[in-house]
Amino acid sequence: MHSRRIATLTLALCLGLAPLGAVAQEARQPLDRIVAVVNEGAIMNTQLEDRLARTRSQLEAQGQQVPPNDVLREQVLDRLIVEEIQLQMARENNLSVDDTELNRQVRAIAQNNGMSLDEFADALEADGLSLGVVRDQVRRELLMRQIQQRRVGSRVSISEAEVQRFIEQQGGGMSTEQARRALFQQKANSEMETWVQEIRSQAFVEERLGSGS
């Protein structure tokens with residue numbers, strides 16, 4: 001049944017998004033109170049509750065221990081804050097996602113779940129969602145990917161000596177290109193952590209979580 005399958009769909013092409021069924025809940029719920037001000041933007045309680053529910057479900061599905069609710073709430077809010085900062089940076093840099101790329105990504109998500117685009121749209125509708133909401137979420141993720149590549153990718157450099165040393169450390173058995181990709185990913189992950197800490201510390205953030213959340 002399509003509506004059941006939609007509940008487990010993930011945007012694997014776009015930075016590991018959570019199930020689409022939860023992604024669109026924000027559009028179906030009224031605005032609630034502000035839980036964080038991020039520069040000129042804001043994060044609403046409905047956004048936090050939606051992401052909190054998705055995160056908890058994912059951890060349970062993976063058999064991982066779920067942190068106490070107050071701890072998980074803080075972690076999820078911090079992730080939302082970092083995402084909002086990145087989206088603001090993307091807008092400031094006039095980054096955009098053209099419709100051709102957006103359509104390609106959405107079609108790929110449908111195909112990865114064994115559906116045509118029309119079937120995907122019908123399945124979303126059957127679950128009370130819309131293709132438009134999913135497209136908006138994919139666009140957000142692609143914008144964050146762009147700013148990450150621009151700001152983090154430029155920090156990573158790899159010499160031939162590093163590549164050869166990496167191959168030796170891995171005991172051989174991989175091509176130079178495979179080693180370069182693996183080494184780049186390793187370095188990029190480290191740089192990403194540093195960059196996220198930097199942008200988080202430089203942004204104006206006022207959390208209004210409170211005990212009543």
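**Salt bridges**

A search of the whole structure finds 15 salt bridges, a salt bridge being a side-chain nitrogen of Lys or Arg within 4 Å of a carboxyl oxygen of Asp or Glu. Side chains of opposite charge can pair when their charged atoms come close. Please note that this is a predicted model, in which local features need pLDDT of at least 70 and side-chain atom pairs count only at pLDDT 80 or more, while totals for chains, interfaces and linings use all residues. Residues are numbered from 1 along each chain as its sequence is written, and side-chain values use heavy atoms, with hydrogens and water left out.

Select R91 and E84. Their side chains form a salt bridge, with 3.7 Å from N to O. Is E84 buried or exposed? With a relative accessibility of 14%, E84 is buried, whereas R91 is partly exposed at 48%. Here buried means under 20% relative accessible area, exposed means over 50%, and partly exposed lies in between (1.4 Å probe, protein chains only).

Next, select E198 and R155. The closest N and O atoms of this salt bridge are 2.6 Å apart. The pair links distant parts of the chain, 43 residues apart: E198 belongs to helix α10 (residues 176–202), and R155 to the loop between α8 (131–152) and α9 (160–169). Helices (H or I, at least four residues) and strands (E, at least two) are DSSP runs, numbered from the N terminus. E198 is partly exposed at 29% relative accessibility, and R155 is partly exposed at 32%.

Remain on helix α10 and select R180 and E177. How many residues apart are R180 and E177 in helix α10? They lie 3 residues apart, about one turn of the helix. Their side chains meet in a salt bridge of 3.4 Å, N to O. R180 is partly exposed, with 24% relative accessibility, and E177 is partly exposed, with 42%.

**Where two helices cross**

Now display α8 and α10 together. They pack at an angle of about 100°, and their axes are 10 Å apart. Axes are lines fitted to C-alpha atoms, for helices over the stretch in contact, and angles run from 0 to 180 degrees between N-to-C directions. The two helices, α8 and α10, are therefore roughly perpendicular to each other, a description that applies from 65 to 115 degrees; angles under 35 count as roughly parallel, over 145 as roughly antiparallel, and the rest as oblique.

Which residues make the contact of α8 and α10? From α8, select I147, Q148, R151 and V152; from α10, select A188, E191, M192 and W195. Contact means heavy atoms within 4.5 Å. These contact residues divide into 5 nonpolar, 1 polar and 2 charged. In this scheme, Ala, Val, Leu, Ile, Met, Phe, Trp, Tyr, Cys and Pro count as nonpolar, Asp, Glu, Lys and Arg as charged, and the others, Gly among them, as polar.

**The sheet**

Turn to the strands. An open sheet of 3 strands has the order β2-β1-β3, and the pairing is antiparallel. The strands β2 (41–44) and β3 (205–207) stand at the edges, each with a single partner strand, so one side of each has no neighbour in the sheet. On average, neighbouring strands of this sheet are turned by 15° against each other, direction ignored.

Select β1 (residues 34–38), which is joined to β3 by 3 bridges and to β2 by 4 bridges; two strands pair if DSSP finds at least two bridges between them. Because 4 of the 5 residues of β1 are buried, this strand is largely enclosed by the rest of the structure.

V38 stands opposite V205 in β3, and its bridge partner in β2 is G41. V37 stands opposite E206 in β3. Then select N39, which takes a positive phi near 50° in the hairpin of β1 and β2, where 2 residues lie between the strands. Finally, display helix α4 (residues 45–61), which lies across β1 and β2 and runs at about 55° to β2.

**The whole chain**

The protein chain has 10 helices and 3 strands, and buried residues make up 38% of its 213 residues.
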